[in-house]
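The structure is shown first.

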Amino acid sequence: MSTKLSVQEEDEVRVEEVNPEGLPRLTVAVKDAKATRELMFTLRHFHLGDPAASEHLVKVDDDLLPALLNPYRDSARLRYNYPLLLCQYTGNEQPADTESVQPFDQWLQNATAAFAPGKETGRILKDHLPWLGHRIRESLANREGPVAAVDMLAQSANALEAHLHLSGESGHNLKQDLERLQQQLPEGASLLGYGRYPALHLLIHTVLSQVLPRRARFQEHIEQCIHGLKQLFEVEWEKSDESIEPRVARDSIGLGSEYFDPAALSAVMDHSHGTQQMSVERRKRIQRVLSILESWQPDPVLVRFVHIGSLENNWVSESAFCEALTDQDPCAKAMEIFDLKADELADIYCAVRIAELEIKGVYNTEIHDPWFANFHWDSFSEDELLLVPTTIALGSADQVAGDGLRSLSRLLSSGRPVQILIRVQPHNNPGAAPNEGPFQSFRTELGYLGIAHRQAVVTQSSPARHEHLLDCFNSAFETARTSLHVINTGMRPPSKLVTLNAWLVAGAAIESRAHPFFRINPSAGDSAAARMDFSENPQAEIDWPVHPFRYLDENGLTVDGELGFTFADYILLIARLRDYFRYIPAECDSDALTPVDLYLSMNPEQTRNLVPFVWAVDSNLILHRLVVSIEVTNAARDRRNYWRALQEMAGIRNKYVERAVEETRLQERQQAAEKRELMLADHAAELNRVRNEAAGEAMQRLTDMLLGLDTGALPHPAPAVASTRVVSANQTASEAETEQIPAPQQIPDAEIEESLNFDEPWIDTPLCTSCNDCLKINSQLFIYNEEKQALMGDPSNGTYAQLVAAAELCPAKCIHPGMPLNPDEPGLDALIQRAAPFNQ
């Protein structure tokens with residue numbers, strides 16, 4: 001039985017056949033030159049801000065996404081780092097291999113592998129770990145704050161059993177594995193979803209992880225001080241008459257005291273004090289300090305939030321260690337709260353310090369009394385400052401950049417270890433006036449403003465990269481300085497057609513340079529290289545990150561290319577800012593249409609006649625071009641300017657460094673050239689000297705021969721050969737004298753030419769600059785001497801092509817290839833021509 005498909009169904013099947021990977025595709029359109037000219041006129045006017053032009057172009061739809069983000073359109077299928085498993089401090093030391101914060105999916109994999117290490121053991125559970133993670137992620141979607149991990153995992157485990165509905169041995173094994181998995185959970189662990197305040201919850205977790213161990217150590221130190229002061233009193237009591245009274249003497253014996261006469265024993269004991277007793281003033285001081293130490297109770301509130309009323313504090317009120325306060329100037333109120341809590345701790349800190357001095361016996365009333373009488377928070381040690389309950393000022397970006405700017409600056413300059421957390425929206429301008437758009441003026445960068453306060457810790461991060469954010473928080477809590485944290489959480493697009501979550505939007509802000517990461521820690525040093533951390537920024541060496549992009553052209557052919565992700569692409573995610581874009585009709589085909597990343601790389605003078613566009617994909621996988629308003633491109637240039645400023649601070653593409661490197665290179669080249677000229681001059685002089693000496697010697701020999709020998713027998717001058725003949729015993733002296741001396745040996749012309757030929761390769765070693773280029777080609781053909789200058793190795797270990805290539809690369813031109821030793825080497829004619837300039 002055959003089934004007939006409708007036209008729409010046939011189209012869908014055909015698309016599935018030609019596009020199995022689900023690639024976006026361009027629509028087929030007839031290119032019209034006349035229509036293109038008219039459209040380009042309208043597009044250019046829209047780009048330049050003409051309101052009339054926008055009416056002639058189609059507005060963009062709600063289902064459009066930047067082309068690079070289209071694969072993540074369905075966030076339900078997206079696996080990312082949330083929820084996070086938070087392991088709380090329980091009073092015991094955490095194992096070395098236990099992470100305080102880790103993605104729950106990662107924990108599921110590791111925990112399962114711990115009790116089911118084999119490939120086939122726990123197979124059913126291992127295959128359904130993604131299901132568990134997805135179920136828990138969905139359960140946390142509408143819940144704010146950490147949730148007990150044991151309860152959430154138990155509910156999801158029951159749901160998995162009900163979902164699979166296994167029976168028999170398989171069901172029994174799955175149940176056992178789920179129970180083992182739940183037993184792997186750390187005590188007190190909680191799960192944190194990506195809600196509205198993930199950064200706050202991670203900040204609270206950091207406080208608990210760092211402050212609770214500090215409090216425990218401080219409490220232990222107090223107990224040690226109490227014990228030491230009591231020992232001082234015990235020593236003083238032993239000096240007193242009471243310590244040797246009959247009753248005390250009897251009690252000091254212990255068992256068997258009934259066999260002793262306490263009165264007689266006391267009479268024979270030494271009643272002298274032995275040393276000077278403690279003064280009344282000191283005794284009172286120690287008693288007062290002991291009373292303070294024994295009665296001290298730590299503040300049950302570890303974290304106090306100060307906000308302007310924007311914090312939904314239901315989850316705060318449920319916490320036993322958090323407190324939320326409302327004030328219209330959070331920074332000023334945070335300073336006030338810190339001073340109040342610091343004053344409350346001044347007494348216990350004084351008591352601890354006095355106890356330490358008394359135990360050591362070095363307390364001096366003339367020195368220490370005035371000091372402790374004026375003991376305030378600015379006299380606290382760093383450890384004492386870090387024990388003050390944490391105060392967090394939650395500022396709105398608009399409020400901080402406006403009316404709260406003065407209080408922010410005062411707090412950052414005060415040195416108080418208060419945490420300031422400001423949530424920003426990267427597409428907005430915090431410094432804009434109420435009636436201004438987000439791109440009408442250059443953006444006020446609150447992070448850059450914080451950097452101007454040189455003694456404050458300044459970080460810019462996002463909970464979308466939780467590891468970077470935790471590093472920022474930890475560095476802030478490890479130093480007693482005011483800390484400013486500029487945080488972007490991301491926004492959920494309100495469109496029902498686009499289900500991107502806030503985590504992905506926040507990640508897009510990082511990619512587009514709308515919210516770059518950095519961390520400034522003045523405690524690390526005075527230089528920017530020491531105090532600035534620029535890690536976790538994608539492709540930090542270039543302006544815009546570049547990623548592979550694949551699509552289908554009008555003919556259905558696959559096209560592989562690359563796309564840069566710019567600030568303009570990020571703006572397309574913000575629903576209320578989509579009016580800055582319009583569709584470019586498919587029939588419009590002009591060389592003036594330029595991708596926005598290429599457009600932004602040009603000088604403004606070069607872009608006068610160009611129209612920038614971004615690539616976008618709709619829910620039907622149709623690839624579109626969207627013209628971009630000039631306000632967006634100007635804002636992108638402004639964000640790039642800020643990015644480059646941060647790059648320069650981090651030592652990336654630093655113009656001063658590049659200039660210094662270029663100047664050093666020029667100096668080295670100039671010095672090398674001067675040295676080469678000197679060496680060439682010395683070499684030429686040496687050659688002239690050798691030639692002159694050789695010519696003189698030859699003339700001298702010729703003269704000697706002409707004066708003393710028959711010149712007819714010597715067509716060529718040759719060196720005289722000394723006679724080594726020995727007179728035999730039977731010869732007389734006269735016979736020896738009259739015997740004719742043999743003529744000198746004649747040297748053939750061929751041998752003379754052979755001794756002077758330059759066919760063999762050679763290196764003018766004194767000219768070598770040690771560039772190492774020739775050794776990279778063949779380290780056996782070229783070798784270094786003790787001064788790291790090149791020498792010719794064994795020519796048979798290389799080819800003539802390598803000799804010629806090395807000669808061409810050599811900056812000193814000191815390699816002379818000569819002629820090829822192997823006549824069978826391919827391409828010799830071309831190689832000999834290339835070698836000719838170096839053999840002269």
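## Second largest pocket

In this predicted model, the lining of the second largest pocket takes at least two residues from each of β8 (390-396), α17 (397-401) and β9 (419-423). Strand β8 gives the most, with three residues.

The second largest pocket holds about 550 Å³ of space. Its lining comprises 27 residues, and those nearest the centre are R196, S396, R423, V424 and Q425. Sorted by class, the lining of this pocket has eleven nonpolar, eleven polar and five charged residues.

## Largest pocket

The volume of the largest pocket is about 710 Å³. It is lined by 26 residues, with L68, L69, N70, P71 and Y72 closest to its centre.

Helix α21 (502-511) and strand β14 (546-552) each contribute at least two residues to the lining of the largest pocket. The largest share, five residues, is that of α21. The lining of the largest pocket divides by class into 15 nonpolar, four polar and seven charged residues.

## Helices α4 and α8

Helix α4 (residues 104-115) and helix α8 (residues 168-183) have axes that come within 9 Å and cross at roughly 115°; α4 is therefore roughly perpendicular to α8. The crossing of α4 past α8 is right-handed.

On the α4 side, the contact is made by W107, L108, A111, T112 and F115, and on the α8 side by D177, R180 and L181. By class, this contact of α4 with α8 has five nonpolar, one polar and two charged residues.

Key. Residues are numbered from 1 along each chain as its sequence is written. This is a predicted model: local features need pLDDT of at least 70, side-chain atom pairs count only at pLDDT 80 or more; totals for chains, interfaces and linings use all residues. Side-chain values use heavy atoms; hydrogens and water are left out. Axes are lines fitted to C-alpha atoms, for helices over the stretch in contact, and angles run from 0 to 180 degrees between N-to-C directions. Helices (H or I, at least four residues) and strands (E, at least two) are DSSP runs, numbered from the N terminus. Angles under 35 degrees count as roughly parallel, over 145 as roughly antiparallel, 65 to 115 as roughly perpendicular and the rest as oblique. A crossing is left-handed if the near helix is turned anticlockwise from the far one by less than a right angle, and right-handed if clockwise. Contact means heavy atoms within 4.5 Å. Ala, Val, Leu, Ile, Met, Phe, Trp, Tyr, Cys and Pro count as nonpolar, Asp, Glu, Lys and Arg as charged, and the others, Gly among them, as polar. On a 1 Å grid over the protein atoms alone, a cavity is a set of points where a 1.4 Å probe fits but cannot get out, and a pocket is an open set with protein on both sides within 12 Å along at least five of seven lines; lining residues have an atom within 4 Å of a point. Grid points are joined across faces, edges and corners, and a volume is the space filled by probe spheres set on the points.
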